[in-house]
Amino acid sequence: MLSNFRVYSMSINLKEIHTNIDVYPSLEFTAKLSQHVEIRQVFHCNGLLLCSTKEADKTKLVVVNPCTGQTRWIEPRSECNIYDMYTLGYENNNKKSYDSYKILRISYGCNLLEIFELKSNSWRILPQVPPNMGLDLRLYGRGESLKGNTYWFCYFKFGMLSFDFTTETLRRVPLPFPYGHRDLCTLSLSVVKEEQLSVLRSSHDT
């Protein structure tokens, strides 16, 4: 949970909810995972957390293993915007090898894609977003990680996109219903048992 620029692990007790609608789940903050820095974004992938931090007007990245306390700090290749998006993934469903993990940076406006490889400790600029997708994809939400790849909703045209960390490419993902930026609805994305994506569509008028 991200609260006041700090990251916390949290347990939720659902057993207290029975038939009384006035009883809510109890929350317990079990650990604090960040100190002395402001955490702007958090992305979860296979038990690891990728956090972007803001310190003295400079953005830094840190990969955290909450179970072991291991951290790895990473300097961005170039000046970053606070609205840039960062995700963590791995190659060929190889989640056991730490060296198979990569960080994707999507600049604000989606006109620049960069990859950081943990095994080589270096950044690379990826080829430009495919022309048929346009440069202003307007991704929203932090995205969800499934089997090493990341999925997001997109405000315009496409509905949903994914990034494959093995081939290092963006692709469209079809939705089971029509969707456009003029639709009055809310979309929510989650992962079920690390096996499949779940999409919730809530219409504003119904």
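Modeller: Two strands count as paired if DSSP finds at least two bridges between them, a strand being a DSSP run (E) of at least two residues, numbered from the N terminus. The structure here is a predicted model, in which local features need pLDDT of at least 70 and side-chain atom pairs pLDDT 80 or more, while totals for chains, interfaces and linings use all residues. Residues are numbered from 1 along each chain as its sequence is written, and side-chain values use heavy atoms, with hydrogens and water left out.

Colleague: How do you know that strand β10 and β11 pair?

Modeller: Strand β10 (residues 113-117) and β11 are joined by 4 bridges, and at least two are needed, so they count as paired. Their sense is antiparallel, and glutamate 117 stands opposite serine 122 in β11.

Colleague: What makes β8 and β11 the edges of their sheet?

Modeller: The open sheet has 4 strands in the order β8-β9-β10-β11, with antiparallel pairing. β8 and β11 (122-125) each have a single partner strand, so one side of each has no neighbour in the sheet. From one strand to the next, the twist averages 25°.

Colleague: Why is histidine 204 called exposed?

Modeller: Its relative accessibility is 52%, and exposed means over 50% (buried is under 20%, partly exposed lies in between; 1.4 Å probe, protein chains only). Histidine 204 therefore counts as exposed. It is found in the segment after β17 (196-203).

Colleague: Why does aspartate 84 count as buried?

Modeller: Aspartate 84 has 2% relative accessibility, so it counts as buried. This residue lies in the loop between β7 (71-74) and β8 (85-90).

Colleague: What makes the approach of aspartate 84 to arginine 105 a polar contact?

Modeller: Their side chains make that contact at 2.8 Å. The limit is 3.5 Å between N or O atoms, where within protein one must be able to donate a hydrogen and the other to accept it, and sequence neighbours count only if both atoms are side-chain atoms.

Colleague: Why is strand β13 called largely enclosed?

Modeller: In β13 (residues 149-154), 6 of the 6 residues are buried, so the rest of the structure largely encloses it. Asn149, Tyr151 and Phe153 point one way, and Thr150, Trp152 and Cys154 the other way. β13 runs antiparallel to strand β14 (residues 159-164), with 5 bridges between them.

Colleague: How many aromatic pairs are found in the whole structure?

Modeller: The search finds 3. In one of them, the rings of phenylalanine 163 and phenylalanine 165 have centres 4.9 Å apart and planes at 85°, so this pair is edge-to-face. For rings of Phe, Tyr and Trp (its six-membered ring), centres must lie within 6.5 Å; planes under 30 degrees apart count as stacked, over 60 as edge-to-face and the rest as tilted. Phenylalanine 163 is buried at 0% relative accessible area.

Notes: Axes are lines fitted to C-alpha atoms, for helices over the stretch in contact, and angles run from 0 to 180 degrees between N-to-C directions.
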